[in-house]
Amino acid sequence: MKKALKYFVLLIGMVIFAYPFLWMIAGSLKPEIEISDLELWSSKLSFHSYAQVFTKIPIGRAFLNSMFVSLSVTTLVVVLGSMVGYALAKLKFFGKSVLYLLILFTMMIPFQITLIPQYVLMVKLGWTDTYLSLIVPAMMSGFSIILFRQFFMSVPQALIDAARIDGCSDLRILFQLIWPLSRPVIITVAILTFMASWNDVLWPLIVVRDRSMMTMPQIVTIFVTGGEAESQLGLLLASATLLALPVIVAYAFFQRYFIESMAATGIKG
Amino acid sequence: MSPGNKIFRLIKQSDHNGYWFVLPYVIFFLTFIAYPLVFSFILIFHRWNIVTPMQWVGLKNFGRMFQDPLFFKSLVNTLIFLAIHIPLQLLVALGLALLLHSKIQMRGFFRAVYFLPVVVSGVVVTILWQQLYSYDYGVLNTVLTAFNLPRIPWLVDPGFAMPSIAIMATWKNVGIYIVLFLVGLQSIPHELYEAAAIDGADTVKQFFRITLPMLNSTIVVIIVLSTIGGFSLFIEPYVMTGGGPMQSTLSGMLYIYNQAFYFNHMGYAASLGFIFALFILAVVIIQRKVVGTESVS
């Protein structure tokens, strides 16, 4: 009896978290007058709303923009972040502990303080409406450096010393010896960075005004708030579904990694 | 030996690759963190529309804030959001985490479903919930009327709009907190419960005497993360309500955005950002005091 109640609550929870998404996908395929029904099926499903979204906004281009930006940011954060993390964990140099404290300090700065000056900087550099403004300010993160450092501390020093004796440079030690051992931390940093970059809307809204340079969440936001969707429910839901789909597909494949990575952010607090 | 010489000698003895490896970060730090911080500190004492030269106004930006009803409105709105969001978040997350922690089948599957809204963009969630909340045709009101309950003016009534956004935000984020609670629950030693059972403590007593105290630091972390989230609330009101009805969903971040990018009041917007950042820092510092350094790895 008690067991049945447990499963009942868990199932209710499942409906609450999953049904809205199913309703959204169904609504994007249903004719306009049937969308507000609770039913998920209709005899008249079509891709009509999607076709209209594609003609009204350059969402294909926005998808490519988002892909390029998020992949660039993720690559840079992982490569550069692991280099700094390696230096902090395994190399001896004067000023190291100061740098480490400095990085911890930067993680505490709320973005509300730096947002406007960063925008001004983009204007001064002439980077607005370019990929540079979307990639460069996000190319390093204190949090990922700290994650890399923590992980690299646990790599035995003897391993590195042995590689040194064999004449390996630090670059080779990092990328050919330590990287293959560091899959968990690389995956964590990559997933967190990619998700944050892909889902960010505030920064793109500030630095990009040119429609051909907009990221996917940004163009969907503009589409929805700017009245271009002409309050047609089907179009709103179709654009939202297109935006959600790439992440949901990635999540379906790497679900465990997503959850474990996000659990790591709790340590940050 | 003079300190300058000593530092020079220490640098000479250092591993030079260390400097090469951290050089990109140092450049990044100076350009995108240090410079904006300094510039922000200059900006809060100026009036500036980004086109004409800056104009020194001293502390007038802060004086203006005290006479600005919208600033107070956005602050109160944020507090309303947090007052609903945090308790709801803790209750739902802890409840579901306890269920998932007990012996059940398909735990991974349930956890994965509850986590789904976390990975999806806030824009998607907001567009979706805007429809669910619709007064006449929304799914939520359809369900309510099916049970003979009155319709709720979710987004059209100024009293309901911010709570509605808080409920949506809970739905979106609760998956993270379920996972954090699960990590916390798994770290509680089993012997504690066995000892308590021998002493005759029932399940309820065990929960309040063992489980809850052992989850203390998890709860504090969740409160802090939610508070930072509340002060950063932007895209939800931006897409869903534009800050209305009657400014009832104007969040701090949305107000900063409007001041900076609609009215070009860069100095005033920077001052608002500064004040809201102080609130966040206060919360983070209180957390450090409460939890100590244990959660900072």
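A residue counts as buried if 20 or more other C-beta atoms lie within 10 Å of its own, with C-beta atoms placed from the backbone. Keep that in mind for the first view of this predicted model.

**View 1. Chain A is built from 13 helices and 0 strands.** Along its principal axes, the C-alpha trace of chain A spans about 70 × 65 × 35 Å. Of the 269 residues in chain A, 45% are buried. Look also at contacts in chain A between residues at least 6 apart in sequence: 74% of these join residues at least 24 apart.

**View 2. Here chain A meets chain B, with 67 residues from chain A and 76 residues from chain B in the contact.** Several helices of chain A each supply at least two residues of the side that touches chain B, among them helix 1 (2-29), helix 3 (59-90) and helix 10 (183-199). Helix 13 of chain A gives the largest share of that side, 15 residues. By class, the side of chain A that touches chain B holds 50 nonpolar, 13 polar and 4 charged residues.

**View 3. Chain B is divided into domain 1 (3-61) and domain 2 (63-291).** The C-alpha centres of these two domains of chain B lie 35 Å apart. Where the domains of chain B touch, 11 residues of domain 1 are in contact with 10 residues of domain 2. On the domain 1 side, helix 2 (16-43), strand 1 (46-47) and helix 3 (60-66) of chain B each supply at least two residues. That side of domain 1 of chain B has 5 nonpolar, 4 polar and 2 charged residues.

Methods
Residues numbered from 1 in each chain as written. Chains lettered and ligands numbered in written order. Predicted model: local features only at pLDDT ≥ 70, side-chain atom pairs only at ≥ 80, totals over all residues. Domains from an automatic or database assignment. Contact = placed C-beta atoms within 7 Å. Helix = DSSP H or I, 4+ residues; strand = E, 2+ residues; numbered from the N terminus. Nonpolar A, V, L, I, M, F, W, Y, C, P; charged D, E, K, R; others polar. Buried ≥ 20, exposed ≤ 12 C-beta atoms within 10 Å, placed from the backbone.
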